[in-house]
Amino acid sequence: MDRASRQVVAVTSHVRAGDGALAVRLRREIRGEVLFDAASRGRYSTDASIYQIEPVGVVVPQTEEDARIAIQIAADESVPILARGGGTSQCGQTVGAALVIDNSKYLNRLLAFDAQARTAVVQPGMVLDQLNAYLKPHGLWFPVDVSTSAQATLGGMAGNNSCGSRSIRYGNMVHNVRGIDALLADGSEFHFSASDQLAAASPAYRELVAKVHAVVRREAAEIEARWPRVLRRVQGYNIDMVQPGAEGAPLAHNLAHLLVGSEGTLAYTRRIHLDLAPLPTHKTLGVCHFPTFHQAMQAPQHIVKLAPTAVELVDRTMIELARGNAAFKPIVNRFLKGDPDAILLVEFAGDDRDKQIAKLRQLVELMADLGFPGGVVEIPDSGLQKQVWEVRKAGLNIMMSMKGEGKPVSFIEDCAVPLEHLAEYTDKLTRVFAKHGTRGTWYAHASVGTLHVRPVLNMKEGGAKQMRAIAEEACELVRSYKGAAYSGEHGDGLVRTEWIEPIIGSRLTRALEEIKDLFDPRGLMNPGKIVRGTRQDDRSLFRFKPAYAAQQLDTALDWSEWSAPGEAAGGGSAKGFIAAVEMCNNNGHCRKFDAGTMCPSYRATGNERDLTRGRANTLRLALSGQLGPAAFTSEAMREAMDLCVSCKGCKRECPTGVDMAKMKIEFLYHYGKRHGRSLKDRLVAWLPRYAPWAARLPALANLRDAIPGLAGLGESLLGLSAKRSLPRWRSDAFLSRSCAAAGETQTGQREVALLVDTFNNYFEPDNARAALAVLEAAGYRVHLARAADDPSGNARPLCCGRTFLASGLVDEARAEARRTVAALAPYVARGVPVIGLEPSCLYTLRDEFKSMLPGAETDALAAHALLFEEFLAAEHKAGRLKLELQALPQKKALLHGHCHQKAFGAMSAVEQVLRLVPELQVETVESSCCGMAGAFGYEAQHYEVSMKMAEASLLPALRSAGADTLLVADGTSCRHQIHDGLKGDADPGVAARGAVHVAQVLARALRAPSGR
Ligand SMILES: Cc1cc2nc3c(=O)[nH]c(=O)nc-3n(C[C@H](O)[C@H](O)[C@H](O)COP(=O)(O)OP(=O)(O)OC[C@H]3O[C@@H](n4cnc5c(N)ncnc54)[C@H](O)[C@@H]3O)c2cc1C
Ligand code: SF4
Ligand code: SF4
């Protein structure tokens, strides 16, 4: 351990002794949250880098005054301070042995906006996409378009001097910040701004400015000689941008620009004053094809002369990954010709459409001049442009999802070199990788010479050595190109601070230290970053420290697909579980609030604990013994999992495929074994087993909602919310004895097996009847799937085991799965599709069955299991669907997707099927989870958060729908939530609205209705 690392550890142990007093004071003096427990500290000990340092504690300030007091208290107690936004930094600048101040939950407002002047003032926790969503109707945007725009905060972007894909047009963060209101560790508060405001500033501020100027004036010649020249230079402090005139007469400078990129090491940003830009109205895109990567790297220096807004590289590996993805293949085929080794995506943007088209033509000519005639695919259409950019983003995500111990590691991923050296630089660095036994995939910002590349390394074994060797050679390489920067986008943090000196020299490095000391003489602001840093390969600061070892669980589910190659047999499952947990690289994508599902619990609470990342981190820390003994089944672990609604949003949307719904099942299995299960959990879990009995006495089973007071009693005894009605048992269950005994309804051309789940069978049999009517009307021969041992129709219906899984009763769920696989095997053997109605049940066959009963029979069933709408959409596409439908009285349908429909990509199927109804306009609500999620929303302790999830977007959208709009939802819980959410509405028209299953819509539209 070197001197600087020892300092970091010393700070921690010094603070540990006094953190009790610190926490007590904070709790007494601020209104916000004060989190000092081990699990919370653990959740804030990582960012998207390879490092992990436990903070002293965490404050989530509710007000700006809270933040000020917290900083004051920390300074009084000599505790370092670390401001935090989304925690998506890749260099370790957002971790430290400090008091973390998380601005993202409350300090996230737009405070002022002037459309005329094109300026805005924001709090540091505001997320870029949220700001831009507000600005869009005004024709404006904040143009630093980082890839993490859905979770990056403006405070974090200012901290890192972030840069977007279009920086060649709009510059970096530093070029778009007008001013910063900041707090220094000594309690002073300043408005850092342009030099023309200096005269009106306080004497203390003027004194600070004068001292900064004295340093930069003294170093002017050295800055001129040594400072990188490229646009993407985000290393150190921006001393090159705050130089006064040689004679002391200040040139136009802005001291806020010194704070931008300072990674929270100089001051805490309270408010940021931003310059905004007009949104371009027209864009064109040219996809330039190159036979070799080297040729692609020679081209940007010429292409930039056409003044594009972006030139982005996609290399062969990424092209192949995209081509191998079923969803992206058709898009790739539209914009890719032949077999290029690399492509450059060249975008032009502005307000004049003709000009952008002309630019595209110039690009075509330029490519011909460069020796690539016909090498451009022209895309003037904005729809396809959007899809192309999505493919570019997804390629990176697929790369990040690499399984096994070797991972693409971010440490030299954004060197910025002058464009004339780009081809040589990429060639040489690729050779460096090969020399050290690894490889990397190149992508991103060719326009500004900043290409991302992440060598694949195993950071648990040997990776640190390779990392240093590669970093040293890369640094030498960068130094050899005059004006190049070692850090061109993501900052310095723990990974690159030590590489500042080799680039700018010791004299300027000392000058940076002087600047630091002018602002923060006690070294309290985010120590160890930018100046006086640690060694990048100090493993004591790594997430996977030398002693890191994970507990090997006897897992209930099969996790072997995550284990490293060769481990799949023998212990593969146990290793696979921790490997699946470790897939979370903390990139923070689950903090998004935009389209998609992930992560509804975080969307409702704003707590790091209730985020996929927070859960994955808690699991990793618990399983590796970092949260104390038996932490995996502890109360802290249960709390982290509590609000996970198992929506599977993360399974689909997390770039690395973290599947928290499955992890929750594994957790609940072990937790239940240790602590037992509540009566309510058992009552819900065993519902499919006692359902046939309850259904015989529906009036008795429904008593809870019929007799006043019983619901309240139920809440105190069972924990089921009295504010909820329960699903009503019906006396006319679908799979009753009256249903065709042999399970066969009529003869038709093509066979299908209808698998009716417990909920549709006993609570909403009309849905099953509607589905049957539609399938029969379309001429299918419908088999009603029944238990293999009971062709008579009397036995308990088949079950997917979902209710057992929701309580972690994996053995019971496995028994159900075994029974269902056996019963359906004869159909599957004949190639008969198995059709289900309830998304959460049907997808259990395609998903959890494989983890409970891995094997060929299960795989075959999964390949044949389809939702009703997926089957009909596929039949329609194949030209086989013969369904005669007529228009309905309602001409509009508003569709809410069940989370599992979204997770399995079935939304387009249900939209297509609804559009089969003549004249019906179909719109899908942009919603996350409805909040009901099986039994979750029925539970008293979850009622509030459940309704909050529903109110986020779903219920407002349904309320604003016209009275003549059909509300469609295929999930039984979703329909119940919609009913509960609308029933109390003041408008009786809204209160009476209910949602129906897609099968009901089609059945109503049948020309010659038939029913059972
Ligand atoms: C997959 C991926 C893609 C990325 N793509 C890009 C990209 O395209 N361009 C890019 O530039 N970066 C990118 N990044 C890096 C990162 O997302 C950005 O730098 C982002 O702007 C950081 O925002 P944040 O809110 O997460 O900041 P955080 O990580 O929370 O903080 C960043 C720094 O700012 C400091 N800070 C935060 N708030 C304050 C405050 N109030 N006062 C003082 N200091 C503060 C922190 O201490 C820290 O040093 C990417 C990261 C990932 C994981
Ligand atoms: S859970 Fe997934 S999306 Fe969230 S931080 Fe981890 S890897 Fe990123
Ligand atoms: S399953 Fe849903 S609620 Fe749970 S972590 Fe994933 S996205 Fe969040």
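Start by selecting residues 119-122, which form strand 6. Both faces of strand 6 are covered, with Thr-119 and Val-121 buried on one side and Ala-120 and Val-122 buried on the other. Buried here means under 20% relative accessible area, with over 50% called exposed and anything in between partly exposed (1.4 Å probe, protein chains only). In a regular strand, side chains alternate between the two faces of the sheet. Strands and helices are DSSP runs numbered from the N terminus (E, at least two residues, for strands; H or I, at least four, for helices).

A word on what you are viewing: this is a predicted model, where local features need pLDDT of at least 70 and side-chain atom pairs count only at pLDDT 80 or more, while totals for chains, interfaces and linings use all residues. Residues are numbered from 1 along each chain as its sequence is written, chains are lettered from A and ligands numbered from 1 in the order in which they are written, and side-chain values use heavy atoms, leaving out hydrogens and water.

Phe-113 has Ala-120 as its bridge partner. Four residues lie between the strands of this hairpin, and Arg-118 takes a positive phi near 55°. Next, select 268-275: this is strand 10, antiparallel to strand 6 and joined to it by four bridges. Here Thr-119 stands opposite Asp-275.

Jump to ligand 1 and show the 35 residues around it, meaning those with a heavy atom within 4 Å. Ala-83, Gly-85, Thr-88, Ser-89 and Thr-153 come nearest.

- Thr-153: a polar side-chain atom is 2.7 Å from an oxygen atom of ligand 1.
- Gly-87: a backbone N or O atom is 2.9 Å from an oxygen atom of ligand 1.
- Asn-103: a polar side-chain atom is 3.4 Å from a nitrogen atom of ligand 1.

For the last stop, select ligand 3. Which residues come nearest to it? Of the 13 around ligand 3, they are Cys-599, Arg-615, Cys-644, Cys-647 and Cys-650.

Conventions
Two strands pair if DSSP finds at least two bridges between them. A polar contact is a pair of N or O atoms within 3.5 Å; within protein, one must be able to donate a hydrogen and the other to accept it, and residues adjacent in sequence count only if both atoms are side-chain atoms.
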